[in-house]
Amino acid sequence: MEPPKTTQNEKEPSEIVNVSKNQDVCEGSMVALSCNATGKPAPNITWTRKWENGTDSGELPSVDGYHPIYDIGRSSNGTYCCTAFNGVGDPVNQTVEVIVRYSPSVDGVVGSPNTATEGRQYNLTCNVSWDPPQNVSWIKVSNDKLTVGSLLQFNNISRNDAGDYKCVASNRCGNDSKTEAINVLYKPAYVILEKNATENKDCFDLWVNFNCTSSKANPPVYNYLLLKNGTEFTSSKSGTWIEKISEGGKAIYSCIANQSVENVSSENITLTVNVPTSLRKAKKETVSEGHYVQESCLNITGFPYPTVMWEKNGSHIADGNLLNFTQISRDKAGEYRCTANNTCGNASTMVYIDVQYEPENVKLSSNTTRKEVCAGIYVKFTCTADANPPVHTYLLYENDTKVDSNLGNTGIWIPKLETGGKIVFRCTANNSIQETRESNDTVFFVKVPPSVKQMKIEPITEGDTVEMYCNATGSPNPTVKWTKGENVVSDNSSLMIENIRRNEAGDYRCTANNTCGNASTAVYVDVQYKPENVMLISNTSSEEVCAGVFLNLTCTADANPPVHTYLLYENDVVIQGPNNTGIWMRRLDKSGNFTYRCKVNTSFPGIEESKNLTFTVRVPPSLRQASKKSGVEGSDIKVYCNATGIPNPTVWWTKVNDVVSNTSLLTFLNISRDKAGEYQCIASNTCENTSAMVYIDVQ
């Protein structure tokens, strides 16, 4: 090695070599600002914050150039400055922008100033605080209908639009929501005034029942007004009146429904004031089919004596006050009206004839038309029958055995078909007539999905033969195949692999399939082999190292089962004992040649070893030197620099950075006082440089 001609103490200004990128984070997260800088001497690194008015904050806490911000809030938004300075030149700095985003907060919902009235426009606006703005929408809670945007607008709102609406806002930092109810007000669609009096031109003192009704409204009608000839006559909360009308002639009546959205009027009705006939109200009649029935219209009054007739569904069926059925049938059941009429008006009464009969047309239906089904299916059975009174007891039979589960005795069952084979269902129906009738049979043929028995095999040695069998059952018999990954390796229940290789290890899946579905199970084939490719690797590629170096050695191998014991040999001697990691650290303190190799051992028979790694250890220079040498001016002085090392070091002498000798011997013949001073002996080899100072004192 050639000695340098001159050396000097160098200083370098600070330079920032790495700083964090600009940060865009969510509120509540953690941010670490980092800054690395170089220079001689090493610079001091500080962090400050730039305020909006251009001033700097005080120095922020930091360690080794790192400034952490925990649970960051939006108040931490801004510009941060890293400054490096070592006293050489000017300080250097770089800035980092920190942007703190935050999750949405639905601050409120603002509705239109007007009330939500049907047919008018109505809006809801969702006010959201967030950064960054991203997604906001309205969802109707009842049907999940989605409207994108913060504005929920109804140009022509209807009662169907009433309900709860949820404003949902989200961005990458989170989400928030708020629910607002819309109550749509609407007027009645119609108002009807009804009366129970008919025109009678000759009779007086007529009592009339008026009934004013309206369709649904929101808010409901709160009052009704009865008008006679266009003038308010009386009011009623219920909309009903009983009025005695003593004056004859025609009068025009109408009613008004008072409601906060709009008052709505009925159509007019005209009433001629007369005295009607009267009769006694009839009662319900319950009879059995085939019996004789006679109904009477009783206590008929009026003058002149009224004529009497019977009607059903508006059709005339008989005259007189008696209605006779010799052998009544179910088609005669229903409401019958007896009407009495004279010149003063008419009166009527209703009688309901209930014709009862035993159950008929008993039917058992299911929710599937398939006769072949798979086990595990739930089938809904419904038993129906024609009967009056209605059936009070339904029973379901499965292969002549009663099924207990009946959903509230409604004639509905949902059994699970679990057993394979033929299953016959039927149902019975019973009512208070005490007659039981049954349905025809409903037949199902139940098939069974496949099932596969779980398998397990022991580890296999490479080169052996493996045979596996898939035990699959089902009805009909399933087809079976073996797969490895996406590849089919066998089309039947058995799989044989001869001379198995390690690349054939892995999961093998047996899959059974029939018309009811499929089932599968997997077995792992573990192919074992002795260790191969044993290698010893070091942390240096150089074969020559210096004493004091730490050597990291790692032993690796391809093996299955994995290596459980590693041994390291240094010059054919085991060191540190066996371990299970294959990693060692050695410090080389002595000079010489050192050869290393490693051995591996698994539960598989045999021990394998790596090739040798050889290192030559060199020794850095060392000096033995007196610190002072004295002599008289004019005499000869010799100073020897005693340097040792492997390889032998190169030695030279300097004074104030000037080389004064290129050998280990420093000689002064006839020394003069100007030669006095400090001299440095420098020794250098491939490991490092070292030096010692000697003071020459010329007296």
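Student: How many disulfides does the count come to here?
Tutor: The general idea first: a disulfide is a covalent bond between the sulfur atoms of two cysteines. In this predicted model, taking sulfur pairs within 2.5 Å, the count comes to eleven.

Student: Let's take one of them. What is the S to S distance between cysteine 26 and cysteine 173?
Tutor: That pair has its sulfurs 2.0 Å apart and is joined as a disulfide.

Student: And why is the disulfide of cysteine 26 and cysteine 173 left-handed?
Tutor: Look at the torsion about the S-S bond: for cysteine 26 and cysteine 173 it is about -85°, so the link is left-handed. Now find the two ends. Cysteine 26 sits in strand S2 (residues 23-26), while cysteine 173 is in the loop between strand S12 (163-171) and strand S13 (174-182), so the bond ties together parts that are 147 residues apart in sequence.

Student: Is cysteine 26 buried or exposed?
Tutor: Cysteine 26 has a relative accessible area of 18%, and buried means under 20%, so cysteine 26 counts as buried.

Student: Which residue does cysteine 297 pair with?
Tutor: Cysteine 297 forms a disulfide with cysteine 338, with 1.8 Å between their sulfur atoms. The S-S torsion is -105°, and the link of cysteine 297 and cysteine 338 is left-handed. As for location, cysteine 297 is in the loop between strand S23 (293-296) and strand S24 (307-312), and cysteine 338 is in strand S27 (residues 334-342), so this pair ties together parts 41 residues apart in sequence. Both cysteine 297 and cysteine 338 are buried.

Student: How far apart are the sulfur atoms of cysteine 546 and cysteine 687?
Tutor: They are 2.1 Å apart, and the two cysteines form a disulfide. The torsion about the S-S bond of cysteine 546 and cysteine 687 is about -105°, so this disulfide is left-handed. The pair links distant parts of the chain, 141 residues apart: cysteine 546 in strand S48 (residues 544-546) and cysteine 687 in the loop between S62 and strand S63 (689-698). On accessibility, cysteine 546 is partly exposed at 23%, whereas cysteine 687 is buried at 18%.

Student: Is the peptide bond from asparagine 388 to proline 389 cis or trans?
Tutor: It's cis, with omega near 5°. Proline 389 lies in the loop between strand S31 (381-388) and strand S32 (393-398). Another cis bond runs from serine 475 to proline 476, with omega near 0°. Proline 476 is in the loop between strand S41 (472-475) and strand S42 (479-484).

Student: And what is phi of asparagine 533 near?
Tutor: Phi of asparagine 533 is near 50°, a positive value in a residue other than glycine. Asparagine 533 is in strand S47 (residues 527-538), and is exposed at 53% relative accessible area.

Student: Where is asparagine 670 found?
Tutor: In the loop between strand S61 (665-668) and strand S62 (677-684). Asparagine 670 has a positive phi of about 55° although it is not a glycine, and at 55% relative accessibility it counts as exposed.

Terms used:
Residues are numbered from 1 along each chain as its sequence is written. This is a predicted model: local features need pLDDT of at least 70, side-chain atom pairs count only at pLDDT 80 or more; totals for chains, interfaces and linings use all residues. Side-chain values use heavy atoms; hydrogens and water are left out. Helices (H or I, at least four residues) and strands (E, at least two) are DSSP runs, numbered from the N terminus. Buried means under 20% relative accessible area, exposed over 50%, partly exposed in between (1.4 Å probe, protein chains only).
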